[in-house]
Amino acid sequence: MTKKVLVIEDEVNIAELLRLYLEKDGFQVRIAGDGATGVAEVKVFKPDLVLLDIMLPTMDGWEVCRAIRKTSNVPIIMLTAKQETFDKVAGLEMGADDYITKPFEVKELLARIHAVLRRYGQTAGSEEKKLVFDKLVINLDSYELLVDGKRVDTPPKEMELLYHLASSPNRVYTRNQLLDEVWGFDYFGDSRTVDVHIKRLREKLENVSPQWSLKTVWGVGYKFETTNPENV
Ligand code: CA
């Protein structure tokens with residue numbers, strides 16, 4: 001199936017160049033020249049991936065990223081100019097999946113796109129993505145977290161992190177492993193990001209059931225501990 005890429009970029013030359021390369025690589029491409037159009041196109045065009053420029057008129061790339069994340073988990077690669085300082089942690093927090101610096105090598109750009117799509121395919125494809133524990137349902141298909149029967153609003157990355165940990169109960173993950181496996185790239189963001197997300201998850205999951213908990217393994221990382229992993 002042809003994958004669709006939405007390019008949100010106001011510079012026509014760059015946008016058209018991207019279209020050329022992406023179409024040559026077999027993607028279906030749509031271009032949005034500003035943020036508001038981009039956000040709207042996410043709903044209409046339903047892209048498999050978004051290339052999002054940071055420097056945009058009226059609504060900048062960060063705002064656009066935030067707006068997209070309110071309604072969609074589509075993978076987002078940010079485009080940043082070399083002279084711009086790119087705050088990696090902020091990028092992660094806002095839900096970007098990767099970033100690339102302009103001017104970019106076409107090969108590198110395509111490699112990044114394919115890597116993100118592959119990663120996304122691994123977490124979004126095939127089987128039902130639902131884990132059930134005592135008083136806890138983690139549904140990664142609908143991105144719904146049910147705690148003691150109640151729906152708890154949880155941002156996508158927190159859902160993915162919890163799902164990842166709970167998929168292998170009692171397995172200890174280091175922060176770097178979690179950055180690699182949940183966020184998907186090791187050079188983008190740092191271990192504080194993991195701590196922040198764990199902290200927020202804890203606030204939602206504290207003292208719900210004696211059968212499981214989100215544990216810190218001092219000096220190592222984190223695990224989803226459960227007393228009866230055979231129920232998974
Ligand atoms: Ca621009």
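Predicted model: local features only at pLDDT ≥ 70, side-chain atom pairs only at ≥ 80, totals over all residues.
Colleague: What makes strand β3 largely enclosed by the rest of the structure?

Modeller: Buried means under 20% relative accessible area. In β3 (residues 49-53), 5 of the 5 residues are buried, so the strand is largely enclosed by the rest of the structure.

Colleague: Which residues of β3 point one way, and which the other way?

Modeller: L49, L51 and D53 point one way, whereas V50 and L52 point the other way, and all are buried. In a regular strand the side chains alternate between the two faces of the sheet.

Colleague: How do you know that β3 pairs with β1 and with β4?

Modeller: Two strands pair if at least two bridges are found between them. Strand β1 (residues 4-8) and β3 are joined in the parallel sense over 4 bridges, with V5 opposite L49. Strand β4 (residues 76-81) also pairs with β3 in the parallel sense over 4 bridges, and there I76 is the bridge partner of V50. From β3 the chain crosses through helix α3 (residues 61-71) to β4, a β-α-β crossover that is right-handed.

Colleague: Why is α2 called roughly parallel to α3?

Modeller: Angles under 35 degrees count as roughly parallel. The axes of helix α2 (residues 35-45) and α3 cross at roughly 20 degrees and come within 10 Å. That angle makes α2 roughly parallel to α3. The crossing of α2 past α3 is right-handed.

Colleague: Which residues of α2 and α3 meet?

Modeller: From α2, G35, V39, V42 and K43 meet V64, A67, I68 and T71 of α3.

Colleague: What makes β10 and β11 edge strands?

Modeller: The open sheet of 3 strands has the order β10-β12-β11, with antiparallel pairing. β10 (173-174) and β11 (212-217) each have a single partner strand, so one side of each is left without a neighbour in the sheet.

Colleague: How do you know that β10 and β12 are paired?

Modeller: At least two bridges are required, and 2 bridges join β10 to strand β12 (residues 221-226), the two running antiparallel. T174 stands opposite G221 in β12.

Colleague: Which helices lie against this sheet, and at what angles?

Modeller: Helix α6 (residues 156-167) packs on the sheet and touches β10, β11 and β12, its direction making about 65 degrees with that of β12. Helix α8 (residues 191-205) lies across β11 and β12 and runs at about 150 degrees to β11.

Key
Residues numbered from 1 in each chain as written. Heavy atoms only, no water. Buried < 20%, exposed > 50% of the residue type's maximum accessible area, 1.4 Å probe, protein only. Right-handed = clockwise from strand over helix to strand, strands pointing away. Contact = heavy atoms within 4.5 Å. Axes fitted to C-alpha atoms, helices over the stretch in contact; angles between N-to-C directions. Parallel < 35°, antiparallel > 145°, perpendicular 65-115°, else oblique. Left-handed = near helix turned anticlockwise from the far one by under 90°.
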